[in-house]
Amino acid sequence: MEIRFEHSKKEVSRMTTEELREAFLVENLMQADKLTTVYSHYDRTIVGGVKPVNAEVTLDNHPELRAEYFLERREIGIINVGGSGVVVADGVTYNVEKMSCVYLGKGTKDVSFKSVDPANSAVYYLLSNPAHANYPNRLMTKEEAAPVQLGDITTSNKRTIYKYIHLEGIRSCQLVMGLTVLETGSVWNSIPPHTHTRRTEVYFYFDLPENQRLFHFMGEPQATKSIVLQNHDAAISPPWSVHFGCGTSNYAFIWGMAGENQVYTDMDPLAVVDIK
Ligand SMILES: O=C[C@H](O)[C@@H](O)CC(=O)C(=O)O
Ligand SMILES: [Zn+2]
């Protein structure tokens, strides 16, 4: 597990492209038959990836957690962005199709991930935060995730938002998680942008063609910086940072948050014309 400490606004304002990428970009998350994790000290968020091809992969504990097992004091959200998969949690089997979500609460001991077909492997994105209580383990399909249409083709941001883990969906201690799919011809996400100093957010991009790129914007609203990402990369957004992006084609992304509250609408909106 890679450990990343926080960076101040002032530090970030002076970062080179390389420093910015080292601090906030998460690459190579999806490696065959292996659990990959990054522990960010922004709200103690663990970002992870599992791509089981020929083997079953388990959610192994890490010494840095000083816990008996990974979810002893944590909860986790899992979304599959690949082929059909199977997640087993303490003996309960969840069939996880593309864009289905599994929530596992504090106290879940044994977790494993596999693919149904090695030729079309599952690709699991994971987000985990500290939890103080147990909420029931639960699977949710994208059809159950209350899709909401947002944006417009005239501003190139027509998209559908699916919410899985939130106050009116799967209940959790602090995780809020869902995904957004942009329509063909729409490339701008999260426009108009916002900040929410109450919560850290992580964006994980998927279904972006290999030869295309995503320009993810971050930083203070009047001093934005950009990171160029490829498919299956993630960007960590500190609580004070904007988070929006533009692709060279359409794409989808998983958003996930944790912090002071779980109110999805608790955002401080920014006018596009005020961004610098
Ligand atoms: O705080 C919420 C998040 O930034 C995202 O849910 C925004 C998003 O998916 C979108 O507008 O497309
Ligand atoms: Zn946000």
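Me: Which residues are around ligand 1, and how many of them are nonpolar, polar and charged?

Reply: In this predicted model, local features need pLDDT of at least 70 and side-chain atom pairs count only at pLDDT 80 or more, while totals for chains, interfaces and linings use all residues. Residues are numbered from 1 along each chain as its sequence is written, and chains are lettered from A and ligands numbered from 1 in the order in which they are written. Around ligand 1, with C-beta atoms, placed from the backbone, within 6 Å of it, are Arg159, Ile161, Thr180, Asn189, Ser190, Glu201, His243, Trp255 and Met267. By class (Ala, Val, Leu, Ile, Met, Phe, Trp, Tyr, Cys and Pro nonpolar; Asp, Glu, Lys and Arg charged; the others, Gly among them, polar), this shell has 3 nonpolar, 4 polar and 2 charged residues.

Me: Is Glu201 buried, partly exposed or exposed?

Reply: Glu201 touches Ser237, His243, Trp255, Gly256 and Met257, leaving out residues up to four places away in sequence, where contact means C-beta atoms, placed from the backbone, within 7 Å. A residue is buried with 20 or more other C-beta atoms within 10 Å of its own, exposed with 12 or fewer, and partly exposed in between. Glu201 has 24 such atoms within 10 Å, so Glu201 is buried.

Me: Which class does His194 fall into, buried, partly exposed or exposed?

Reply: Beyond its neighbours within four places in sequence, His194 is in contact with Met267, Asp268, Pro269 and Leu270. Because His194 has 16 C-beta neighbours inside 10 Å, His194 counts as partly exposed.

Notes
Two residues are in contact if their C-beta atoms, placed from the backbone, lie within 7 Å.
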